[in-house]
Amino acid sequence: METPARFERVTLLVLALVHVVVQLTHGWSHIEADVSLTAMQQVFIYVVATFMPLAAVFVALRKDVRLGAGLFAISMAAAFLFGYLAHFVIDSPDLHSNVVGEHADFFFHSALSLAIIEFAGFAFGFAIATRKPR
């Protein structure tokens, strides 16, 4: 495996692992702040925001880095849009400004961290997926 492809694969893996850690942190903030999720939200989070990025990294590591990066970019874009709308736009219990109490800051900062890692994952995955073939 040539060095640029190795860097791309390792970076996708690191982004995916950091994303899982931030997801778990934000999930804990939901528990601490007593902000529940609907069944559909949970399914989206488990399938699109958790399983799909990990599967995409598997594809990038074992098969085709550009295909895996494209799948990673799609999953990160979907997760970003979901989280951005839920935490910063739509008036619901999940909107950061509706979370009150001692865990409100934890909830806000973990939601913001999640948005940042998801946007970074999208941007990096998109850049790899759309680059000219070597």
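**How the helices pack**

In this predicted model, helix 1 and helix 4 are roughly antiparallel to each other, because an angle over 145 degrees counts as such and their axes cross at roughly 160°. The axes of this pair, in which helix 4 covers residues 104–130, come within 9 Å, and helix 1 passes helix 4 in a left-handed crossing. The residues that make up the contact of helix 1 with helix 4 divide into 15 nonpolar, 11 polar and three charged.

Helix 1, which covers residues 3–33, also packs with helix 2, residues 39–62, and here the axes come within 9 Å and cross at roughly 160°. Helix 1 and helix 2 are therefore roughly antiparallel to each other, and the crossing of helix 1 past helix 2 is left-handed. On the side of helix 1, the residues that meet helix 2 include Leu-12, Leu-13, Ala-16 and Val-20, while those of helix 2 include Ile-45, Ala-49, Leu-54 and Val-57. Sorted by kind, the residues of the contact of helix 1 with helix 2 comprise 10 nonpolar, three polar and one charged.

**A closer look at His-87**

His-87 lies in helix 3, which covers residues 65–88. Is His-87 buried or exposed? His-87 counts as buried because its relative accessibility is 5%, and the cut-off for buried is under 20%. The side chain of His-87 is joined to that of His-26 by a polar contact of 2.9 Å. Leaving aside neighbours within four places in sequence, His-87 is in contact with His-26, His-30, Asp-94, Leu-95, His-96, Phe-107 and Ala-111.

Terms used. Residues numbered from 1 in each chain as written. Predicted model: local features only at pLDDT ≥ 70, side-chain atom pairs only at ≥ 80, totals over all residues. Heavy atoms only, no water. Axes fitted to C-alpha atoms, helices over the stretch in contact; angles between N-to-C directions. Helix = DSSP H or I, 4+ residues; strand = E, 2+ residues; numbered from the N terminus. Parallel < 35°, antiparallel > 145°, perpendicular 65-115°, else oblique. Left-handed = near helix turned anticlockwise from the far one by under 90°. Contact = heavy atoms within 4.5 Å. Nonpolar A, V, L, I, M, F, W, Y, C, P; charged D, E, K, R; others polar. Buried < 20%, exposed > 50% of the residue type's maximum accessible area, 1.4 Å probe, protein only. Polar contact = N/O pair within 3.5 Å; in protein donor to acceptor, adjacent residues only side chain to side chain.
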